[in-house]
There are 4 protein chains.
Amino acid sequence: MPGMEKNKKRKIINDPVYGFIPVGSPVLFDLVEHPYFQRLRRIRQLGLTYLVYPGANHTRFQHSLGAAYLMGETLQSLRGKGVAVSPEEELAAKAAILLHDIGHGPFSHALEETIIRELSHEQLSQLFMQQLNEETGGMLDDAIRIFGGQYPRKFLNQLISGQLDMDRLDYLQRDSYFTGVSEGVIGLERIIKMLDVRDDELVVEIKGIYSIEKFVLARRMMYWQVYFHKTVVAAEQLLLKILGRAHQLAQAGEKLFTTPALHYFLYGEYPAQDPALLSPRQRKELLDRFALLDDNDIIASAKVWSGSGDPVLADLCRRLVNRKLFHVEIQNRPFPEEKVEEYRKKMMRDTGLSAGEVASFVFTNTISNYAYSTADHQIRILGKDGSVKDITEVSEIMDEQVISRIVEKHILCYPKEYLSNS
Amino acid sequence: MPGMEKNKKRKIINDPVYGFIPVGSPVLFDLVEHPYFQRLRRIRQLGLTYLVYPGANHTRFQHSLGAAYLMGETLQSLRGKGVAVSPEEELAAKAAILLHDIGHGPFSHALEETIIRELSHEQLSQLFMQQLNEETGGMLDDAIRIFGGQYPRKFLNQLISGQLDMDRLDYLQRDSYFTGVSEGVIGLERIIKMLDVRDDELVVEIKGIYSIEKFVLARRMMYWQVYFHKTVVAAEQLLLKILGRAHQLAQAGEKLFTTPALHYFLYGEYPAQDPALLSPRQRKELLDRFALLDDNDIIASAKVWSGSGDPVLADLCRRLVNRKLFHVEIQNRPFPEEKVEEYRKKMMRDTGLSAGEVASFVFTNTISNYAYSTADHQIRILGKDGSVKDITEVSEIMDEQVISRIVEKHILCYPKEYLSNS
Amino acid sequence: MPGMEKNKKRKIINDPVYGFIPVGSPVLFDLVEHPYFQRLRRIRQLGLTYLVYPGANHTRFQHSLGAAYLMGETLQSLRGKGVAVSPEEELAAKAAILLHDIGHGPFSHALEETIIRELSHEQLSQLFMQQLNEETGGMLDDAIRIFGGQYPRKFLNQLISGQLDMDRLDYLQRDSYFTGVSEGVIGLERIIKMLDVRDDELVVEIKGIYSIEKFVLARRMMYWQVYFHKTVVAAEQLLLKILGRAHQLAQAGEKLFTTPALHYFLYGEYPAQDPALLSPRQRKELLDRFALLDDNDIIASAKVWSGSGDPVLADLCRRLVNRKLFHVEIQNRPFPEEKVEEYRKKMMRDTGLSAGEVASFVFTNTISNYAYSTADHQIRILGKDGSVKDITEVSEIMDEQVISRIVEKHILCYPKEYLSNS
Amino acid sequence: MPGMEKNKKRKIINDPVYGFIPVGSPVLFDLVEHPYFQRLRRIRQLGLTYLVYPGANHTRFQHSLGAAYLMGETLQSLRGKGVAVSPEEELAAKAAILLHDIGHGPFSHALEETIIRELSHEQLSQLFMQQLNEETGGMLDDAIRIFGGQYPRKFLNQLISGQLDMDRLDYLQRDSYFTGVSEGVIGLERIIKMLDVRDDELVVEIKGIYSIEKFVLARRMMYWQVYFHKTVVAAEQLLLKILGRAHQLAQAGEKLFTTPALHYFLYGEYPAQDPALLSPRQRKELLDRFALLDDNDIIASAKVWSGSGDPVLADLCRRLVNRKLFHVEIQNRPFPEEKVEEYRKKMMRDTGLSAGEVASFVFTNTISNYAYSTADHQIRILGKDGSVKDITEVSEIMDEQVISRIVEKHILCYPKEYLSNS
């Protein structure tokens, strides 16, 4: 019985952040059940952050569902204010936000900088969406247009990718919940209630301005307290060095143990050409392979590598596995070359490693918070008189200068046991 | 400077359940930093439960720290009531609870029933504690005695393994937090405040009786709603069948892809003799090997096996990876043999699998909640007159019959697509 | 513009328990704005409980709004399961639960036992509803029928007054929130999701049975830990004695300071006849007078009486104002007459008060928890096979005997300073 | 047995914000039990805010206890960092914060501007402390010195009255909890952990800077969203007009119904001279009288006055009792005189009231947020190099200009039904 079947394609998911998340339509149900989406259960939202905040094991799966839930809440609130949103648009917007992270691999940032340099997660997201769209007979046409900003009603795209999108609203709340850093808690319900639409663009009612200010601040705080936490950065840099070293060895013909899924990418067996030029069969194979790659492959391989014959790779991996992370110094100015050189030389003396090898242990980098840049996406405030202004004109604290300042910090990493002064 | 160094051996861990957890002593600090303990970061507290409750990715690492935190709170409260607890006893009790799960492997239940049948997690815990005790020069002597129930002051053992131990108090609260099942929330602070000691045994002040009743109920509810949730059971049974099949193939000489850590156990390369007879070197090797085995090895291997040449293993693994779990029927009586046979025959016809192979897909089992058995551990209630009675004598609802009833349920698992009636 | 006006009759109320509570219809809006309803802002939900749990200052106003909110959530969930509920029925059900406490005076229990003995809060609720119905031109006809159990669809009445009604669901959650007694927290969202309707009666899906068991337990716990907390009982008994004494003095012609609103009732100036026989004008006057009576009148008067010429009244009031409450002994058996007599005599000797006067200070009483009696209202469980059974047949712990046992306790109150043994 | 007695002078108070608050010393116990302190149970922390946020019925009693609790937590954390704090200092600091609001009357702001103009709550606090100090034989000497800033260790005073004092930390958290405005939630535990002392002044570790920024923002948000919420201001202005009118009538010899406690102040029967010149007997009488004045007196009297013969007082009171508050316009510039005049004239025409009388209904005022002024109290940040700088030098968003800007807003109030344009 088809009605029956349709009825079965509903699901309620228990989410500790919002309580119950209904997956109320067959199309969304099928997306959630798809192996490409289920794989997000195996990819942590915050990468190695769990090494600092032990609760941060939540996944991209939860986040994507959560953001889709908020989309539903927001569209319902907008309708209550007289904004027409058709059922098709609602479905498309939910599908788009559900899939917004579908192209992410495990520890994406590190992976993309080392092993999968030819394919960004944005490109992969597009490929996944095309594939899923074809599999569902074009059910995702509008979702893809909304996602890509081609859909005429701009606010739908802004809800997916803007200063106040569902992605941010969910991850701030969720990352706070799982890390235990209460500073990220935002007035979610209130922000959603304050959203409105004017000329098909998203606006915020002026009486919600304090909540928005707090939201911007909360985000900034999560950046420095969690996402760019010194030790989190240390862990990510370590993984970067591990994957970089493994890639280098692989390219030099070294045979490293890996899971097959990782092998395919590590040894460059995937089509390196422009993804737009892939044949349907090539695309599907690439995606099926990629869909098998997740956190488990990276961690499982790193554990094996900790007994590798290459002393650099082995040492780096032991640090990761046993959580003996680099020490990180952080400051606003670049570190002087001489200091770095001095540290490297000392380590060379102590360990007998070469200059090239030591560069995996003693190095500098920059981290940069583009977080609240207003470059392209403004927050528009709707005054009581109906006028729409940018938040920097209205807010007492969010002036242009403060809000758009890009903060760049410099880090210096090294193994504590050789080099720490203290 | 040693004092300096000692001072550095302190840590505050951000825990979303309790806020901040201090690790305040160098001995505990060293235990937490040890690779044997750090590995618990890679073992989920609730196994495959995340396939049903997506938030349930929390680890044995967090749980162990949480239980040690509660131990500190409880001992502090007991001291406030005049119970003498020496600093050494406090340290030993905290170390004992910190290590109470140290012998757990990934998905322990499934693993122990299939691959590592000769070594229980209890035995492994003992080996780990001995090893760590030797490495720390006997610092854990008392912890081991408390853990094993040989320490004269019985209540310390009861705080680790009893009806109201720190293990339970933490996991109920924590599992509730991460699954989002609010029914497990207990009046933690109140329960701790109600604990006291009489004749070196743990008692609860009578005015805390309602909180204790609720605690027993909350535990029971978590059993049926989470730990024995139909779909959680389905996932665990599936993994059991996967590991069983893999073990069978390995024993038949089939070469399966595995991570090296899993290979060691799957192919029975570990010393199968009585662990008490292991030489120190053998013990250390066993533990070092075991310490490299975690959730990642199981999941990474299962993903590879989903492309295995063995159709049974491949099908089972695809179900796990893509979350196409068995359908589960659950009832109080055993399922009739004929029904099982009928299902098996139907599947044999549909798939061409043999009778032996089909047994991995259609099977029965029992689950049993020994949870609130009073067999050996009572909850003692301290009356206002100083008398101590068992809770079943005092409580209006917790009578012997209700509380000690062991509930056994029967399950029947099968692949929905072949056999579901609906 | 009437449409405009109508549109303005909407409101969102910030509630710390549920976030935002919308008052979405003009009829409900008018009810909430009515002085009869606004007065509930000045009547605490839990009477004098704030003397024990300082947070318990929440009012009947909040509770009534909260219960109406839950009604909306429940009806929406039921509709999702195919239960037809017309917009008129929704409005009526919300209005009925909104007004279910409208007849409560300040500290109702004490007031009704002493000063307003001729009028119960149930009778007053009916009078208020009739009055409001007439003022709104019969908009409340159905609400009154639902409230009174005369509406054909029985489940609507069960949602207002049954084992699982919105009243209980809200007060457990709310009283927990404001007292800080976490044992009352229930799985609200889950319970609501488990409700369904069969043959126009409310049922609970079997898979919700653990949540229901916990709900019954949570309620029981709140009874003993909050509602019947020894010191709460002591405070209520004290107020009972105060109002009783004031009433006695008033009847003897003594002129006591009171606020005019209290004076009207204390000096029996209201029509004592059967409320059904009141003329419309009499009814309105009675209600207008009653609507001016709230917590402030009682407390303000008691403060003045603490300087009264009557030594009994003055002493009792000083105890209330300065929170020097009676000492309470509580036990399962009645207290022996001789003990009470002995205490009274000792107090007579010490204070010079007469036997009659001392009875206001040394006395016994009983408290009785009819809370989870199943006498008339069952909890019906809907099995997977569609059968409906009483919870006592299905639950493993809620057997008839346990659930319907009425617990009666005996209390003995006296001023600690004269009589305490300790 | 004195030890016994001492032991009895302990108490654990159930607080929904922090769980359990222990009152652990006999001196503090006696303060809490004192009628002067118990009266704070009858004074709402946020005055009439409950007319907008129905949950905001929490009292100064709870707040004072909460602030004292935080003081204990803070001092314990400071000791952990090596800051010496003697038991006597701890007691004094806790007593000082416990009593910091002791001089507040009901709806203090309105009361002080109209009826009790000669005595500020600061002066009354001092009188209360002196009185309590004499009653306890000088136990509060140090508390008074800390409170007054005369105690040599400055940070103790800063914990009571500074940018980051326990008063603010508690009220932000508590007001958030009871209003349900989540924007006030701060990272309390983290802020406390970041506090340290240098040169006897309070400093914040630099790594806590984001939490501090969020704290300043959260406070600012609570100002505009709660404390200066338009409708809250409307309610406060209404009460101001009511008390002003009553005072005016009283001075003109009109006999108004009041409770005796209010009568004493309304009819100016208290000694109007410099409080420092009061004799001990006069002081005690003044305090005893004042201690009987609380929210109940004001509300009970206003209810009676709603039937007053004076049409202005009666109308104003009916608005308060039935929550028909003024409409408020709010803007950054002053309102033009002509607009106000026009409104007044229109109301005079419509109601027949005189120009003087109409001024109680149509009027302007200013509200001003001195909240985060840095005038005298800085927030000092402790760098990693040990240097101490003001937050405005270190923070990226808290520059001098932003932080010290005093925001003044102008309001225009009037009865909506006569004058609203809409």
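**Figure 1. Burial and overall dimensions of chain A in the predicted model.** Of the 422 residues in chain A, 51% are buried, a residue being buried if 20 or more other C-beta atoms, placed from the backbone, lie within 10 Å of its own. Chain A holds 22 helices and 9 strands, where helices (H or I, at least four residues) and strands (E, at least two) are DSSP runs numbered from the N terminus. The radius of gyration of chain A is 23 Å, close to the 22 Å that the globule rule gives for 422 residues, so chain A is as compact as a globular protein of that length; the radius is taken over C-alpha atoms, and the rule is 2.2 Å times the number of residues to the power 0.38. Along the principal axes, the C-alpha atoms of chain A fill a box of roughly 70 × 55 × 40 Å. This is a predicted model, in which local features need pLDDT of at least 70 and side-chain atom pairs count only at pLDDT 80 or more, while totals for chains, interfaces and linings use all residues. Residues are numbered from 1 along each chain as its sequence is written, and chains are lettered from A and ligands numbered from 1 in the order in which they are written.

**Figure 2. The two assigned domains of chain A.** An automatic or database domain assignment gives domain 1 (2–33 + 53–99 + 140–228) and domain 2 (237–367 + 412–419) of chain A. The centres of domain 1 and domain 2 of chain A, taken over C-alpha atoms, are separated by 34 Å.

**Figure 3. The contact between chain A and chain B.** Chain A and chain B each bring 35 residues to this contact, two residues being in contact if their C-beta atoms, placed from the backbone, lie within 7 Å. On the side of chain A that touches chain B, α16(A) gives the most, with 6 residues. That side of chain A has 16 nonpolar, 13 polar and 6 charged residues, with Ala, Val, Leu, Ile, Met, Phe, Trp, Tyr, Cys and Pro counted as nonpolar, Asp, Glu, Lys and Arg as charged, and the others, Gly among them, as polar.

**Figure 4. An open sheet in chain D.** Four strands of chain D form an open sheet of mixed pairing in the order β3-β4-β7-β8, two strands being paired if DSSP finds at least two bridges between them. Strands β3 (195–198) and β8 (388–390) of chain D stand at the edges with a single partner strand each, so one side of each is left without a neighbour in the sheet. Strands β4 (residues 201–205) and β7 (residues 380–382) of chain D run parallel and are joined by 2 bridges; D:Glu205 has D:Leu382 in β7(D) as its bridge partner.

Key: Buried ≥ 20, exposed ≤ 12 C-beta atoms within 10 Å, placed from the backbone.
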